[in-house]
Structure formats: C-alpha cells, structure tokens
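Visitor: I would like to go through this model with you. Where shall we begin?
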Amino acid sequence: LGLCVSRASASVLNLNCCLVLLPMCRVLLAFLRGSQKVARRKTRRLLDKSKTFHVTCGVTICIFSVLHVAAHLVNALNFSENYNEDFLSLNAANYRGEDPRKLLFATVPGLTGVIMVLVLFLMCTASTYAIRVSNYDIFWYTHNLFFVFYMLLMLHVSGGVLKYQTNLEEHPPGCFNPNKTLRQNMTVPKAFEEPFPDYTTEPFPEDLPVPEPFVQNNFMRICSEEPKFQSHFPETWFWISGPLCLYCVERLYRYIRSNKPVTITSVISHPSNVLEVRMMKDNFKARPGQYVILHCPRVSALESHPFTLTMCPTDTKATFGVHLKVVGDWTERFRDLLLLHSNQDTEILPIFQQRRYPKLYVDGPFGSPFEESLNYEVSFCVAGGIGVTPFASVLNTLLDGWQCYKLRRLYFIWVCRDIESFRWFADLLCMLHNKLWQENRPDYINIQLYLSQTDGIQKIIGEKYQALNSRLLIGRPRWKLLFDEIAKCNRRKTIGVFCCGPNKISKILHKLSNSSNSYGTRFEYNKESFS
C-alpha cells in the first residue's frame, strides 16, 4: 500500500510541479492576451485566473507532498522489517532490521526529500495573507527558493529506489521455476550436502516432463531464468524540464529587456502618502490597464514590486507613469531616494536635479483584467482608494480619444476614506468631463465619488473641481440599487464589471454580478487584487 500511495502521489506532484510554473510566465500570458489568435473574450478572461491557478497548484503540491512523505515513511519501515535475500536488487535496506532513519538521512532520495519538505514548508507558510501583508520581504525571498526546490527534485528522482523487471518474457509474474522448487522441497543428508551438485543455475531439461504436482492447470508458465530488475528512468524530468526551461528563457528575456534603466522625467508628491513617478524608455509600448515591475538597486538588490501604469505612452508622447502608495519599507526607501534633495511638499523636481535620481529599471508591461474594460460596450468600474490606478490609465486613454474603442458608456465609482485622496486624479477627471461636454457626449461617463469617512459636508478644494463636487456623495455606495439602475438603463446588454479594491467590496460586486435581474442584463465580473 505504501508503494502504491507514494507512486500515485508522485504522479500528481509531477503534474502540478509542471503546471505551477506556467502562470508565472508573464510575458507569455501578456502575449496571449494581446494576440489576435485569442479572439474570444471568455478565453482571454481565463488568463485572469492565472494567479488562482498558481495558488491551486501550490496547495495541491503541499497536500500530496504530505501523502508522499507519509507513504515513504511506511516504505522505509517495510524495507527494514521485510528484508528478503531472494530479491537483493529490490531491497532499499542493506539488511533486516536496519534503522529506517538511515534510509531517510543517509541516501540521496531520503536526504533531498527531507530538505525539499523544509523548503516547501517555508514557501507555504510565508505565502499566507498575514505574512504577505505584514512583511512582504519574507514572502519574496522564501518564494524564490523554488529554484532550490526544483534542483533538489531532480536529484531526488535520480536515486533509483523504485525498479522494474526487465525480463518479463523469460520470467512472467507468477511463473513456475522447477529447479528452484525441487531444490527447496528436497531433503539432503548432511553427509551429501557438500558434494551435492547445484542444479539451480541450469534450466529444467526440455525433454523431461514437468512433475504433475507442480502443474495444476494449463495456465502455468515455466520460468527460463531468474527475474532481473532495473531502476526506472526519472519521469519527473519529462514533466518539469519543459516548463522550467520556458520559465528560465522568459526570465532571461525579461532581464535583457529591462537591463537599461529608464529616464525619470518628474516626481510628484500627492496627498495621503502617494508618489507619482513619470518616466521615459526607448521602444516602450503598453496598453491601458497593464502593469510594470519596478526594480531600484539602491533600495534593494533583489527585491522588485509591481505597479499599475496610470499613464501609457502614445503616438504623440513617450512618457508613462505610475502612482505608488508609501505603505512599506521598500516604498519608504524609494520615496526617500527620489525626494532626497527636495522638500517633501515640492510637486515637481527641477530639471537640473534629474541626474541625481537613482537608477530605476522597469520590467514589463504585463497584462491584467482591466485591458478588457475598453472592449465592452458598457463598463462598470469600481475603485477603492489607491485601487483607482488601473482606471487612471483607461481614463487617460479616453482623454486622448475614445472614438476608436468599443466602449460607449462608462460608470466610474471611486470610494475613498479622506477627501484629499480624490485630488490624485481630480485634474484628470475634470479634463475628461470637460472634453466630453465639448463633444456633446456628457452621458459617455458617469462619475460618482464616495467619501466613506467624514465628520460633515466636505468639498474638493479648488474652483476647477466644481464638476466633481456635484458628484461627491457622503457614505458608502448602495450596490444593489446601483446594479439595478445600470441594468435598467442597459437592457439585454453585457456589462463588464471591474473592481480594484478591498476584498469586502469585491465579494459584494462578485455576488451581485452573478445574480439575475429582470432586465435581461448580464454582468461579467473582473477583479484585480492587491495581494
């Protein structure tokens, strides 16, 4: 039973160790998302589940690793207690009663297995939500131990513990060996024990009939030689070599692509600890909704973080930018380096100080669910706090020109805790609002701003923000009424729902998107998660 469970769990582990790397091939996913070969929206939406698929494979690896380890603990005990001298090549133990701990710690499969269990334990525990939120560095460094895990896995399967029989034709299972049986059943006097000839090495004479007691039926087969065994070729290599090579090639491509630092054109300090960084890079192209990975060697030699693009390069301008909220060690050190030679309240640093910016490398862009927001006729976008960043790039794109996209109506809901947060993109919202009014399309975008925590009536300071003040509401959105109103105004249409914010809001929107309505309107839910 132990061997059966260990082999079955090993097959499941091979499959999941193969699949778990594929969702991490971000360049491949971005290519598939933007490729014309994946024309159907439903197929592209499956790519949005890449993180969920990765987590599912990881959990499966943990579960079946426990089964695999338990089965091999039983196997080690069985090899020790059931040692058989008739099949020396099949025995993992060297003698009967050998300490099973020697099989676990003094052999290549056993020792590599123990180390892999420790590595897997560190990776799993550091991947929990509490660790990721409280100390992202621990998650980052422990998760990069996957390379050590795969190297140990290749060594683990090269031990040759499990073997198969190579001469099944000459020695089929359950066959009858007459020479061995006669020798075992014959009683030899002690005086003749020494000179007695050994016939076990010679085959049973073909011209002599087989004794009747040994042939019970016509299905009995005769063994022509002793069984021979050989170690299995490690099948794990077939499973993981392809995805591992693909991942390594992609990492090499990403390293070459991001090897040249970007040119930081400006740094803007926004209220509520938000920093905007605008950059330029040769031949950099991106679609609205995509994200990049920033790496600053002066902040951390190995650590890098993803940030959604809030401004994409266009045909007329090569500048792109990100907004980042200062909430951790990395972002704090990054902010201090960027604002080292200026006042914290300074908005844009002077041109002559640009040479003092630290080197910054950009990897990407990579795809996200928000690329689909322009591919619906009607989109319903909900942002919570800094979760507005994916929609900022969409709004900037619409500001440059909305006629070339399928989108004809956009519902934009933004929920913040303090009034100052709305100033991050207040100018952008006002410019887009004025542009659509001038083009006689005021109904193209429906903006609603919600201030969830306040002591009284507040307004966004500034005369130019009057258009937003009329759309500023106190309290939290009444999601059910919003869905009913949108469904009533867009009967029998498919509406894309996009959310980037807290899980509580996400769960509500997901539930309402899956619920039915009396207007024949269908809601398709898409989500971006902070964690």
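Guide: This is a predicted model. One definition first: buried means under 20% relative accessible area, exposed means over 50%, and partly exposed lies in between. With a relative accessible area of 25%, Arg257 is therefore partly exposed.

Visitor: And Asp363, buried or exposed?
Guide: Asp363 is buried, its relative accessible area being 9%. The side chains of Arg257 and Asp363 meet in a salt bridge, 3.2 Å from N to O. This pair links distant parts of the chain, with Arg257 in helix H11 (residues 236-257) and Asp363 in strand E8 (residues 361-366), 106 residues apart.

Visitor: How many salt bridges are there by this rule?
Guide: The count comes to 13 salt bridges. One of them joins Arg287 and Glu371 at 2.7 Å, N to O. Here the loop between E4 and E5 supplies Arg287, the loop between E8 and E9 supplies Glu371, and the two residues are 84 apart in the chain. Arg287 is partly exposed at 33% relative accessible area, whereas Glu371 is buried at 9%.

Visitor: What does Lys493 pair with?
Guide: Lys493 forms a salt bridge with Glu377, and their closest N and O atoms are 3.4 Å apart. Lys493 lies in the loop between helix H16 (479-489) and E13, and Glu377 in the loop between E8 and E9, so the pair ties together parts 116 residues apart in sequence. Lys493 is partly exposed, at 30% relative accessibility, and Glu377 is partly exposed as well, with a relative accessible area of 36%.

Visitor: Changing topic: which residues touch the most other members of the largest nonpolar core?
Guide: Leu398, Phe412 and Trp414 do, in a core of 40 residues. The elements giving two or more residues to this core are strands E9 (378-384), E10 (409-416), E11 (445-451) and E13 (494-500), together with helices H13 (389-400) and H14 (426-438).

Visitor: What does Leu398 touch?
Guide: Leaving aside residues up to four places away in sequence, Leu398 touches Leu374, Leu407, Leu410, Leu432, Lys435 and Tyr444. There is also a second, separate core of 27 residues, which includes Met279, Phe334, Leu337 and Val362.

Visitor: How do E3 and E4 run, parallel or antiparallel?
Guide: E3 and E4 run antiparallel and are joined by seven bridges, with Ile264 partnered by Met279 in E4. The two strands form a hairpin with three residues between them, and Ser272 in its turn has a positive phi of about 60 degrees. E4 also pairs with E7 in the antiparallel sense, over six bridges. Five of the seven residues of E4 are buried.

Visitor: Finally, where are the exposed lysines of H17?
Guide: Lys504, Lys507 and Lys511, along with Asn514, are exposed on the face turned away from the buried side of H17. The buried residues of this helix are Ile505, Ser506, Leu509, Leu512 and Ser513. They share one side of H17, because their arc around the axis is only 135 degrees.

Terms used
Residues are numbered from 1 along each chain as its sequence is written. This is a predicted model: local features need pLDDT of at least 70, side-chain atom pairs count only at pLDDT 80 or more; totals for chains, interfaces and linings use all residues. Side-chain values use heavy atoms; hydrogens and water are left out. A nonpolar core is a set of buried Ala, Val, Leu, Ile, Met, Phe, Trp, Tyr and Cys residues joined through side-chain atoms within 4.5 Å. Buried means under 20% relative accessible area, exposed over 50%, partly exposed in between (1.4 Å probe, protein chains only). Helices (H or I, at least four residues) and strands (E, at least two) are DSSP runs, numbered from the N terminus. Contact means heavy atoms within 4.5 Å. Two strands pair if DSSP finds at least two bridges between them. The arc is that of the directions from the helix axis to the C-beta atoms. A salt bridge is a side-chain nitrogen of Lys or Arg within 4 Å of a carboxyl oxygen of Asp or Glu.
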